[in-house]
Every structure is written in C-alpha cells, then in structure tokens.
Amino acid sequence: MRKLLRLALATGLAIWAWRFFVRGRGPHERASVAYADGSDVVLEPGSPEFDRLASIARTVLPA
Amino acid sequence: MNADQALAELRELSSQVARAVVLEDGGEVLAGTDDGPDASQALAAAAQALVAAAGELHATAGDVSRAEVELAQGGFFVLREGGRTIAATTGPGPTAGLVMYDLRTCLNAIDAKPKRRRAPRKKADEEAAE
C-alpha cells in the first residue's frame, strides 16, 4: 500500500514538474474579447476564431 | 491634454507599448506614435478589423469594448471607451492587465467632449455655493 502511495506521489510530482518546466516555457498565445454587456470570450490556439484574430494581429506585429 | 500629448505620455510611462494609435468614433486617426501617417493608418485599419472580427464572435453581446491578442512575436491590444478607440502593439510576453491600464489611462487623459467636461465643474460650483 505504501509503495502504491509513493508511486502515485512520484507520478504526480513528475507530471507537475513537466508542466511547470517544459510547457511553461513555451510562448503562451491567447486572445480575449470583452463586450459592452460585460461578457467576455477567451480563445486558445487551435480554434478558427483564434486564427482569425491572430492573422489580423500578425499584420501589425513584427515577423 | 490632446491625443498627441497623451500618446507621448503613454510612451514615457509604459515600457511595454511599442506602437499606438488613437481613433475617433468614425475611425479617423486622432494621433499615432508612428513616424508616418501610413503606418498609423495601417495600425488603425488592423484595430478596426480586429474589432469587427471580434464582434462577429458574439453578435448578441453588443459592442466590443476590449480585444487583445497575445502571440509569440508580441501583443495587439484594442480598447474602446467614450466613443474613442486606442490600439497598441507590444513585444512578446506583455503583462496584459498593465497594458490595458496604461491604454485606459491614456484614453481618459485625452480631453473629453465639451458636454462631458462641464458636468463635473457645475457640480463643483454648486458644492462651493453651499
């Protein structure tokens, strides 16, 4: 039982470390829009809506 | 403070903002940080395109008040308040909240239309009379 707990703990730590050190280093891309009625939308890469907004932004950002 | 002065102050205060432009309600450029009018016009056109595209995402929610896109090469921010629009670009990894705060401060620093300026003065005069 203790071995199983240690294994679960080690697995959890490994996943956390991978997310913290590997994924966290990549550029975080996102888009968000707020509306007059107080609602907002957050778009993550991969969606066609994000791609559309990103393509507009790229026209004014350095390549 | 006019729009040019407000943008100059924005450039002094914000180390993150690279380029910025202020637009009137109709889309005409009030002021820009770019050297030439063509560059300011291009930034203004991109801001209007972003607002239009963002508006189509959520058609029933009314006007777009803020749009921001963060990419690996930098950020593009658009803020609309009081009938004016300010758009700005930044370098990679901007602090979005801080950039928006700076843009809002810049927009609010630009002289308001006469109707909006008179209201607080009148109130202050009334309080002084009491």
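Predicted model: local features only at pLDDT ≥ 70, side-chain atom pairs only at ≥ 80, totals over all residues.
1. Start with chain A, which has two helices and two strands, in the order α-β-β-α along the sequence. Its radius of gyration is 19 Å, well over the 11 Å that the globule rule gives for 63 residues, so chain A is more spread out than a compact globule. Taken along the principal axes, the C-alpha atoms of chain A fill a box of roughly 55 × 35 × 15 Å. As for burial, 16% of the 63 residues of chain A count as buried.

2. Chain B comes with four helices and five strands. Going from the N terminus, the pattern reads α-β-β-α-β-β-β-α-α. Buried residues make up 35% of the 130 in chain B. If you take the contacts in chain B with a separation of 6 or more, 50% of them are between residues 24 or more positions apart.

3. Now the interface. Chain A puts 25 residues into the contact and chain B puts in 26 residues. On the chain A side, the elements giving two or more residues are strand S1 (30-35) and helix H2 (48-58). H2(A) gives the most, with seven residues. Sorted by class, the chain A side has 15 nonpolar, four polar and six charged residues.

4. Which strand of chain B does S1(A) join? The partner is strand S3 (residues 64-71) of chain B, and the two run antiparallel with six bridges between them. If you want a residue pair to look at, A:Ala34 stands opposite B:Arg66 in S3(B).

5. Follow the pairing on into chain B. S3(B) pairs with strand S4 (residues 74-81) of chain B, in the antiparallel sense and over six bridges, and a hairpin of two residues joins S3(B) to S4(B). S4(B) in turn pairs with strand S5 (residues 84-90) of chain B, again antiparallel, over seven bridges. The hairpin of S4(B) and S5(B) has two residues between the strands, and there B:Gly82 takes a positive phi near 55°.

6. Opposite B:Phe76 in S4(B) stands B:Val69, and in S5(B) the bridge partner of B:Phe76 is B:Thr89. S4(B) itself is mostly covered, with seven of its eight residues buried.

7. On to the largest nonpolar core, which has 40 residues.

8. Helix H1 (residues 3-13) of chain B is worth a look down its axis. The buried residues of H1(B) are B:Ala3, B:Ala6, B:Leu7 and B:Leu10. Seen that way, the buried residues of H1(B) fall within an arc of 100°, so they line one face of the helix. What do the buried residues of H1(B) pack against? They pack against strand S1 (17-23), strand S2 (29-32) and H3 of chain B.

9. Last, a residue in that H3. B:Arg104 has its place in helix H3 (residues 96-109) of chain B. Is B:Arg104 buried or partly exposed? Because B:Arg104 has 14 C-beta neighbours inside 10 Å, it counts as partly exposed; being buried would take 20 or more. Apart from neighbours within four places in sequence, B:Arg104 is in contact with B:Leu79 and B:Glu81. As for B:Ala54, the C-alpha atoms of B:Arg104 and B:Ala54 are 19 Å apart in space, and the two are 50 residues apart in sequence.

Methods. Residues numbered from 1 in each chain as written. Chains lettered and ligands numbered in written order. Contact = placed C-beta atoms within 7 Å. Nonpolar A, V, L, I, M, F, W, Y, C, P; charged D, E, K, R; others polar. Pairing = 2+ DSSP bridges. Buried ≥ 20, exposed ≤ 12 C-beta atoms within 10 Å, placed from the backbone. Rg over C-alpha atoms; globule rule 2.2 N^0.38 Å. Arc of directions from axis to C-beta. Core = buried A, V, L, I, M, F, W, Y, C linked by C-beta atoms within 7 Å.
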